[in-house]
Amino acid sequence: GIMDKYNTKYLNLILLLSGFFLASYPPFMPVENTMYKFMKINLIENVYYFYHSVGSFLIMIVILNSVKFKQIFSNKLFVFLGKISFSMYIIHFMILNSLSSFLFINLVNYFKYSYAFFIVLIISLGVIISLSYYVYKYIDLNGIKMSKKIYNDFFRVY
C-alpha cells in the first residue's frame with residue numbers, strides 16, 4: 001500500500017501532528033487573530049466540524065498503522081477500558097450530575113477548589129469504573145449473548 005512506499009515512521013509522525021493540529025481547530029470562536037486564520041473557509045458555516053473530522057481520521061490512520069500504538073492499546077488496562085466503555089458512556093453523565101456535583105458542592109466549603117476537584121475526580125472515577133464493570137458484566141454481556149441467539153435463531157443462513 002501507500003504506507004509501505006514511504007518511511008512509515010516519519011509519515012505516521014507527519015500524519016499524527018497534522019491530525020492533532022486539525023483536530024484542535026477552535027470551535028465557537030473567531031479565528032482571525034489565531035494561527036488558524038489561513039484555514040477559514042467562508043463557504044462552510046461550522047468549518048471546525050470538517051477539520052475535527054479530518055484530524056480524527058488522520059489520528060485513526062496512524063493508530064491503525066502503528067505497531068507501537070497497537071502494542072499500547074493491546075495493554076490489559078486499555079482492553080478493560082474498551083470492554084466497559086459503553087457502560088461508562090451510559091453511566092458517567094448520571095454520576096457527574098448527581099454524586100460528583102453533590103460532593104463538590106459540599107467539599108469546596110472545606111477544601112481549596114483544586115483539592116475539592118481532585119477528591120471528587122478520584123471518587124467519581126472509582127464509582128464510574130466500578131459501576132461500569134458491573135453493568136458490563138451483568139447487563140452488556142447478557143445482551144450480547146441474547147442478540148447472538150436471536151441472530152442465530154432468525155437470521156443465520158444454514
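At what angle do helix α2 and helix α3 pack, and how far apart are their axes?

**Entry 1: the model.** I noted that this is a predicted model, in which local features need pLDDT of at least 70, side-chain atom pairs count only at pLDDT 80 or more, and totals for chains, interfaces and linings use all residues. Residues are numbered from 1 along each chain as its sequence is written, and side-chain values use heavy atoms, without hydrogens and water.

**Entry 2: the helix pair.** I looked up helix α2 (residues 8-23) and helix α3 (residues 47-65), which pack at about 155° with axes 7 Å apart. Helices here are DSSP runs (H or I, at least four residues), numbered from the N terminus. Axes are lines fitted to C-alpha atoms over the stretch in contact, and angles run from 0 to 180 degrees between N-to-C directions. The angle therefore makes α2 roughly antiparallel to α3 (over 145 degrees). I recorded that the contact (heavy atoms within 4.5 Å) includes L15, L16 and F20 of α2 and L58, I59 and V62 of α3. Its residues divide into eleven nonpolar, seven polar and no charged; Gly counts as polar.

**Entry 3: the largest pocket.** I found about 280 Å³ of space in the largest pocket. A pocket is an open set of points on a 1 Å grid where a 1.4 Å probe fits, with protein on both sides within 12 Å along at least five of seven lines; lining residues have an atom within 4 Å of a point. Helix α2 gives the largest share of the lining, six residues. Among the lining residues I noted Y10, L13, F69 and I72.

Note on methods
Helices (H or I, at least four residues) and strands (E, at least two) are DSSP runs, numbered from the N terminus. Angles under 35 degrees count as roughly parallel, over 145 as roughly antiparallel, 65 to 115 as roughly perpendicular and the rest as oblique. Grid points are joined across faces, edges and corners, and a volume is the space filled by probe spheres set on the points.
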